[in-house]
Amino acid sequence: MKTVSSLLDDHWYERYKRISKLNFRSSIYDVTNRCNLRCKGCFFFSSGEHEAAAEENDMEKWHAFVEKEMKRGVNLAILIGGEPTLCLDRIEAFYKRMPTFCATNGLIKVPRDRFPDMMVGLSLWGNPEDETTLRGKDTFKISSANYAGDPHTYYLYTITPKQLGKTEEIIRKIKDVGLKVHMQLLSNDEGVDGFSWKPEELIAIRDEMDAMLDAYPETVISCKYYHEIITTGQMLGRPFGWLECPSVTISKDNREPQPKRLINFIRWSSDLQTMHRCCTSETRDCSTCKDGAAHMSWVMVNKRAHMRSTKDFQNWIEVYEMFAKLYQFIPW
Ligand code: SF4
Ligand code: SF4
């Protein structure tokens, strides 16, 4: 096995040192089963996860639950839903205690006097036409008015095959409202016509994602290795899928042999008791999964495998840095 210092020059070693102190222990929380949208292809609703359990309404139970999660070692709470901003008190139970990320459609503005530095990820599924087709609304118009210039907010841009050739239009708009953007790909869980990826489209979108990073390095939070992984579904010659996925809830993980995985990861339902299989859809066929965070984590937990060459290890560092920026552990 090669050593870190034999692989890296001073510049890269410094970058490595900065992230090597970080020790993410994330888990994901369904804050509510409700949403003020119903997007076609939302994994939460399409897989029936919103009906898996009844919401816990007692705020004392939320506070006690978060305390318990901290004792379990969680140091990064990723809040999803449904739409978390429908339940600000529940968000606050996390935010008061640990680094918290809130994924939202941006239709409701998180009050910054109450949550001054909470990281907010705004979902965006394309240009106004595609957003209207898939989500029933041009959310960008509303979310960009709510969050323009907010230093703790970025767009989580889910690219669909229909976005080929159009990503620059979106990224320029995001730049113009003074926000950052991170890209991921649609998994099309509901099989909406025209929104499933063809192999040649994945090749083309990878080129486009690379070009966007080159053209808008201050706006796009990404790296080319991530683009390669997410579009090919391959890492160091290994295919992504159930056997490799790191984001599986610990109590649902019966895989043998056990792959490298996020330590003690759980995705909790909003009753604070039920657990979902993984960070995305309970019913998704893992061979079609394009989830950005799961792919990112896949790279991050496989550090040793990337220590076979300088380039591979630099790729690993870049993905780790990207994750750390997205959750505000290091500056943009
Ligand atoms: S806004 Fe998010 S949670 Fe709500 S339906 Fe759309 S994808 Fe699902
Ligand atoms: S659906 Fe995706 S995130 Fe869930 S277990 Fe399968 S590969 Fe992992």
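Here are some numbered notes to read alongside the structure above.

1. Before anything else, please keep in mind that this is a predicted model. Everything below describes that model, so each point can be followed with the structure open on your screen.

2. A friendly place to begin is helix α5, which runs over residues 88-95. Of its 8 residues, 6 are buried, so the helix is largely enclosed by the rest of the structure. The buried ones are R90, I91, E92, A93, F94 and Y95. What do they pack against? Their partners are the strands β1 (26-30), β2 (76-80) and β3 (100-104), together with helix α4 (59-71).

3. Let us stay in α5 and pick out E92. Is E92 buried or exposed? Its relative accessibility is 19%, and because buried means under 20%, E92 counts as buried. Setting aside neighbours within four places in sequence, E92 is in contact with R114 and F115.

4. Now look at ligand 1. Which residues surround it? The shell is made of C35, L37, R38, C39, C42, F45, G82, N105, W125 and R135. Sorted by class, this shell holds 6 nonpolar, 2 polar and 2 charged residues.

5. The peptide bond from G81 to G82 is cis, with omega near 5°. G82 sits in the loop between β2 and α5. Another cis peptide bond runs from E256 to P257, this one with omega near -5°. P257 also belongs to a loop, between β8 (238-239) and β9 (267-268).

6. Two residues have a backbone angle to check. N188 is not a glycine, yet its phi is positive, at about 50°. You will find N188 in the loop between β6 (180-185) and α9 (199-215), and with a relative accessible area of 8% it is buried. L236, again not a glycine, has a positive phi of about 50°. L236 lies in the loop between β7 (234-235) and β8, and its 23% relative accessibility makes it partly exposed.

7. How many disulfides does the model have? The count is 0. A disulfide is a covalent bond between the sulfur atoms of two cysteines. C279 is in no disulfide either, and the cysteine sulfur nearest to it, that of C278, is 5.4 Å away. Both cysteines are buried: C223 has 4% relative accessibility, and C279 has a relative accessible area of 9%.

8. Rolling a probe the size of a water molecule over the atoms shows where empty space is left. In this model there are 2 cavities of 30 Å³ or more. The second largest cavity has a volume of about 80 Å³. It is lined by 13 residues, and those closest to its centre are C245, C278, T280, C286 and C289. The lining has 9 nonpolar, 2 polar and 2 charged residues.

9. The largest pocket has a volume of about 430 Å³. Of its 20 lining residues, F24, R25, M300, V301 and Y320 are closest to the centre. Helices α2 (10-20), α11 and α12 (310-326) each supply at least two residues of this lining, which divides into 12 nonpolar, 4 polar and 4 charged residues.

10. The second largest pocket has about 230 Å³ of space. Its lining counts 15 residues, with L213, V220, I221, S222 and K325 closest to the centre. Which helix gives the largest share of this lining? That is α12, with 4 residues. By class, the lining has 7 nonpolar, 1 polar and 7 charged residues.

11. To finish, find S297 in helix α11, residues 292-301. At 4% relative accessibility, S297 counts as buried. Leaving out neighbours within four places in sequence, its contacts are P246, S247 and L262. S297 and V319 are 22 residues apart in sequence, and their C-alpha atoms are 8.7 Å apart in space.

Key
Residues are numbered from 1 along each chain as its sequence is written. Chains are lettered from A and ligands numbered from 1 in the order in which they are written. This is a predicted model: local features need pLDDT of at least 70, side-chain atom pairs count only at pLDDT 80 or more; totals for chains, interfaces and linings use all residues. Side-chain values use heavy atoms; hydrogens and water are left out. On a 1 Å grid over the protein atoms alone, a cavity is a set of points where a 1.4 Å probe fits but cannot get out, and a pocket is an open set with protein on both sides within 12 Å along at least five of seven lines; lining residues have an atom within 4 Å of a point. Grid points are joined across faces, edges and corners, and a volume is the space filled by probe spheres set on the points. Ala, Val, Leu, Ile, Met, Phe, Trp, Tyr, Cys and Pro count as nonpolar, Asp, Glu, Lys and Arg as charged, and the others, Gly among them, as polar. A residue is near a molecule or strand if one of its heavy atoms lies within 4 Å of it. Buried means under 20% relative accessible area, exposed over 50%, partly exposed in between (1.4 Å probe, protein chains only). Contact means heavy atoms within 4.5 Å. A disulfide is a pair of cysteine sulfur atoms within 2.5 Å.
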